[in-house]
Amino acid sequence: VPGLDRAAYMKDRWGGLQGLLNRREQRFVARALAAIGPVPRILDLPSGRGRFTARLRAAATAELVCADLDPQRLQALADAEGPAGTPLVLRPVDLLDRLPFADDEFDLVFNFRFLHHVSDEGVRAHVASELARVSRRHLIVSYYGGSPIHGMQRHLWLAASGRRSNVGLISGRRTRDLFAALGCRVVEDRSMLPVLHAHRVMHLEKASG
Ligand SMILES: C[S@@+](CC[C@H](N)C(=O)[O-])C[C@H]1O[C@@H](n2cnc3c(N)ncnc32)[C@H](O)[C@@H]1O
């Protein structure tokens, strides 16, 4: 099925503006991983078809767990990855449930392009608390940052184009506060495409003890 092939998906889905965003996201992640240094265990949830698998696999010295609700995406990821390298573990996991991992099980928890799909604050708080619970130290989380101006622009654009959107915008301050309440401080918080796009990425560090 062409839609399930990772290379074909990257070509179809990640052209144009999305291609530019992808390059910027990859650059942010490469720099954050270099700053963190090699770590034993990484969780990528949701991994999708594995846009970041090669990078994360190179950074994990013991194990990379790729988890997603959709087993077909996990299969596409497995088909695109070779057997060489850090062992890869694939897990079907629902982020809306309690995660099937122990407290502090991973050195880095990677959650990319998921939070903006969650517009309910209670659900967002649950997801954030589960991600923080299973991380021993680092989290890399992406979100769509909202500001009153951006919200207004978006509202006008949606009204003019007749489109509907369920995207959950959340300001940088609220995202920071959400994770601060879970004992995580912001190491870096960066826009992926200032002015033009709301996508932002945060590197957070959990206080030990
Ligand atoms: C936009 S994709 C992002 C994939 C990857 N992180 C990336 O940045 O390329 C969103 C992913 O979330 C997964 N997903 C949706 N709902 C989920 C849930 N409740 N639990 C876990 N994964 C979910 C989808 O299957 C999809 O692979």
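I am working on a predicted model, where local features need pLDDT of at least 70, side-chain atom pairs count only at pLDDT 80 or more, and totals for chains, interfaces and linings use all residues. Residues are numbered from 1 along each chain as its sequence is written, and side-chain values use heavy atoms, with hydrogens and water left out.

**Entry 1: overall build**

I took helices (H or I, at least four residues) and strands (E, at least two) as DSSP runs, numbered from the N terminus. The protein has seven helices and seven strands, and along the sequence I read α-α-β-α-β-α-β-β-α-β-α-α-β-β. Its radius of gyration is 17 Å, close to the 17 Å the globule rule gives for 209 residues, so the protein is as compact as a globular protein of that length. For that I used C-alpha atoms, and the rule is 2.2 Å times the number of residues to the power 0.38. The C-alpha trace spans about 50 × 45 × 30 Å along its principal axes.

I also looked up burial: 47% of the 209 residues are buried. Contact here means heavy atoms within 4.5 Å. Of the contacts between residues at least 6 apart in sequence, 69% join residues at least 24 apart.

For charge, I counted Lys and Arg as positive and Asp and Glu as negative, leaving out His and the chain ends. I placed each charge at NZ of Lys, CZ of Arg, CG of Asp or CD of Glu. That gives 30 positive and 22 negative side chains, with the centres of the two sets 8 Å apart.

**Entry 2: helix H2**

How far does H2 reach from its first C-alpha to its last? The helix, residues 16-36, has 21 residues and reaches 30 Å, close to the 30 Å expected at 1.5 Å a residue. The expected span is 1.5 Å times one less than the number of residues.

Which residues of H2 are buried? I noted Gln18, Gly19, Leu21, Asn22, Glu25, Gln26, Phe28, Val29, Ala32, Leu33 and Ile36. An α-helix has 3.6 residues a turn, so residues three or four places apart point the same way.

Ile36 is buried at 15% relative accessibility. Not counting residues up to four places away in sequence, Ile36 touches Leu108, His138, Ile140 and His203. Ile36 and Ala59 are 23 residues apart in sequence and 9.0 Å apart in space, C-alpha to C-alpha. Just after H2, Gly37 takes a positive phi of about 80°.

I found a cis peptide bond between Leu45 and Pro46, omega about 0°. Pro46 sits in the loop between strand S1 (39-44) and helix H3 (53-59).

Asp104 has a phi near 60°, positive in a residue other than glycine. Asp104 lies in the loop between strand S3 (88-92) and strand S4 (106-111), and at 39% relative accessibility counts as partly exposed.

Arg113 is not a glycine, but has a positive phi of about 60°. I place Arg113 in the loop between S4 and helix H5 (121-134). Buried or exposed? Arg113 is buried, with a relative accessible area of 11%.

**Entry 3: Asp12**

Asp12 lies in helix H1 (residues 6-13) and is exposed, with a relative accessible area of 68%. I checked Asp12 against Gly168, 156 residues apart along the chain: their C-alpha atoms are separated by 25 Å.

Technical notes:
Buried means under 20% relative accessible area, exposed over 50%, partly exposed in between (1.4 Å probe, protein chains only).
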